[in-house]
Amino acid sequence: MRRVMGESTYDRILDMALMLFSEKGYKGTTMRDIAAKVGIRQGGIYNHFKNKEQILEKLIDEMMKSSALLSLFDSLDADPKSYTKGKSVLAKIATTFKLLSFDPKNEALFRLMIQELFRNQTVRDLYHEKFYQENVKRLSSIFFRMMQDELIKSSDPLMLANEFFSPLFFYQLQVILLKMDGKSTSSAVTLFEKHVDIFWESIKAGNGYGGRTSTLF
């Protein structure tokens with residue numbers, strides 16, 4: 001078990017690494033940079049992490065586990081009848097995405113992921129395993145139960161989950177980019193609610209027209 005001082009240093013290493021990775025990129029940040037921000041000697045980092053890659057893995061792993069979105073799905077899974085609330089379930093998910101857009105740590109993580117997805121296999125693996133695949137799988141399960149109770153039209157639940165999530169990622173990116181440039185986010189934040197309205201109208205049972213129109217474009 002680490003001492004209190006060790007725990008504080010451990011947490012500061014993660015906090016400073018996240019800040020530097022999001023600003024300078026993973027490759028552009030050195031262990032010396034992190035140590036300087038934490039206020040310790042470079043060798044002190046190795047008391048907690050064996051290398052920079054382990055810092056990145058731990059950072060993303062811990063933030064994925066504490067994600068408000070994953071907590072939301074935990075609460076939905078705990079209530080076997082949560083899916084019967086239909087549209088309100090999707091509204092909660094969209095609202096969580098919107099709120100995360102204004103969370104400093106989540107913003108830093110999002111910026112880090114955007115920078116590193118195309119050049120870092122570790123980031124891609126963690127993103128797919130811990131966030132994308134897990135969330136799509138859990139939402140597809142909710143859609144499947146909605147179909148069984150005929151709350152929504154029969155379709156491919158996995159495809160529905162992908163179609164619902166994809167615009168939310170894009171809107172989150174838009175909000176973060178506007179914030180970075182000091183521009184108003186008022187028009188972007190309304191997109192989350194509008195997406196839920198349009199998406200639900202396209203999939204709900206008995207909406208009076210055949211087929212389902214994708215909301216991606």
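Leaving aside neighbours within four places in sequence, which residues is Thr185 in contact with? Select Thr185 and you will find Phe102, Val175, Leu178 and Lys179 (contact: heavy atoms within 4.5 Å). This is a predicted model, where local features need pLDDT of at least 70, side-chain atom pairs count only at pLDDT 80 or more, and totals for chains, interfaces and linings use all residues. Numbering runs from 1 along each chain as its sequence is written, and side-chain values use heavy atoms, with hydrogens and water left out.

Thr185 sits in the loop between helices H9 (157-180) and H10 (186-203); helices are DSSP runs of H or I, at least four residues, numbered from the N terminus. Thr185 is buried at 15% relative accessible area (buried is under 20%, exposed over 50%, partly exposed in between, with a 1.4 Å probe and protein chains only).

Next, pick Lys179 again: it forms a salt bridge with Glu107, the closest N and O atoms being 2.9 Å apart (a salt bridge is a side-chain nitrogen of Lys or Arg within 4 Å of a carboxyl oxygen of Asp or Glu). Lys179 lies in H9 and Glu107 in H7 (residues 104-116), so the pair ties together parts 72 residues apart in sequence. Glu107 is buried, at 13%, while Lys179 is partly exposed, at 28%.

Now show Arg138 and Asp74, whose side chains meet in a salt bridge (2.6 Å, N to O). Arg138 is in H8 (residues 121-148) and Asp74 in H5 (residues 68-78).

Finally, go to H2 (residues 31-38), where Met31, Ile34, Ala35 and Val38 are buried. Turn to the face away from that buried side for the exposed Arg32 and Ala36.

Technical notes:
Helix = DSSP H or I, 4+ residues; strand = E, 2+ residues; numbered from the N terminus.
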